Every structure is written in C-alpha cells, then in structure tokens.
Amino acid sequence: MAARKWFSSFFPTVKAQEEEDIVDPQAVLREKCAQQGHTSALWEKYQACNERVGSRSQTAETCVEELFDYLHELDHCVSKTLFSKLK
C-alpha cells in the first residue's frame, strides 16, 4: 500500500469523465434509409427470394444478388450524409 502512495505521488491518477451513451450515426442512418422507397423495395425483393429458396428442399439458387443490390443501395443512401455527422 505504501508503494502505491509513493507511486501516485509521481504519477497522478486521471479518471475519465462520464459521457453520454455514444450513438453510432451509421446505424441511425441505416435504419432511416432502410425505410425509404427504393431501398425498402429491394429489401422486400430479397425477402421474397429468401422465402422462395427456403421453401425448396433442393435448389442451387441463392439470393446473393438481391442481398448485394439491397446493401449497395443502403450504403449509397447512408454515404450521402454520414460524413457530415462525424466529429
């Protein structure tokens, strides 16, 4: 215990201030963009493909193209305003 006091006399203890919960602006923008017209339509197209593929027992079809289309549009929408919200 004495060593700790001696050590702290040379190196003061710094405590972090409590901060508000940090909200990820990208997550907020993704939620907002996901509800917009074209992005929402691509999500529905992806879901329909997923249901179609899931209902079949043997199929070579995947929904990768629909997923990539949706994610591309979502990222495009988010990128328009994301960088203006970063600190």
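Student: Is Arg 52 buried, partly exposed or exposed?
Tutor: Keep in mind that this is a predicted model. Buried means under 20% relative accessible area and exposed means over 50%. Arg 52 comes out at 33%, so it counts as partly exposed.

Student: Which side chain does Arg 52 meet in a salt bridge?
Tutor: The general idea goes like this: side chains of opposite charge can pair when their charged atoms come close. Here, Arg 52 pairs with Glu 61, at 2.8 Å from N to O. Glu 61 is partly exposed, with 27% relative accessibility. Arg 56 also forms a salt bridge with Glu 61, with 3.3 Å between the closest N and O atoms. These bridges share partners, and Arg 52, Arg 56 and Glu 61 end up in one network. As for Arg 56, its relative accessibility is 42%, so that one is partly exposed too.

Student: How many salt bridges does a search of the whole structure find?
Tutor: The search gives 3. One of them joins Asp 75 to Arg 30, whose closest N and O atoms are 2.6 Å apart. This pair links distant parts of the chain: Asp 75 sits in helix 4 and Arg 30 in helix 2 (residues 25-34), 45 residues apart. Asp 75 has a relative accessible area of 35%, which makes it partly exposed, and Arg 30, at 28%, is partly exposed as well.

Student: Now the rings. How many aromatic pairs are there?
Tutor: The count is 2. Trp 43 and Tyr 46 make a tilted pair, 5.6 Å centre to centre with 45° between the planes. Both are in helix 3 (residues 37-55), 3 residues apart, or about one turn of the helix. Trp 43 and Tyr 70 have ring centres 5.0 Å apart and planes at 55°, so this pair is tilted.

Student: Why does the pair of Trp 43 and Tyr 70 tie together parts that are 27 residues apart in sequence?
Tutor: Because Trp 43 lies in helix 3 while Tyr 70 lies in helix 4. Taken together, Trp 43, Tyr 46 and Tyr 70 form one aromatic cluster. Tyr 70 is buried at 9% relative accessibility, and Tyr 46 is buried at 15%, whereas Trp 43 is partly exposed at 36%.

Student: Which residues form a nonpolar patch on the surface?
Tutor: Val 64, Phe 68 and Leu 71 do, with about 260 Å² of accessible area together. Val 64 belongs to helix 4 (residues 64-79) and is partly exposed, at 39% relative accessibility.

Definitions and conventions
Residues are numbered from 1 along each chain as its sequence is written. This is a predicted model: local features need pLDDT of at least 70, side-chain atom pairs count only at pLDDT 80 or more; totals for chains, interfaces and linings use all residues. Side-chain values use heavy atoms; hydrogens and water are left out. Patches are made of residues with over 30% relative accessible area and no salt bridge: like charges are joined within 9 Å, nonpolar side chains (Val, Leu, Ile, Met, Phe, Trp, Tyr) within 5 Å. Accessible areas come from the Shrake-Rupley method with a 1.4 Å probe; for residues, only the protein chains shown count as cover. A salt bridge is a side-chain nitrogen of Lys or Arg within 4 Å of a carboxyl oxygen of Asp or Glu. Helices (H or I, at least four residues) and strands (E, at least two) are DSSP runs, numbered from the N terminus. Buried means under 20% relative accessible area, exposed over 50%, partly exposed in between (1.4 Å probe, protein chains only). Rings of Phe, Tyr and Trp (its six-membered ring) pair if their centres lie within 6.5 Å; planes under 30 degrees apart count as stacked, over 60 as edge-to-face and the rest as tilted.
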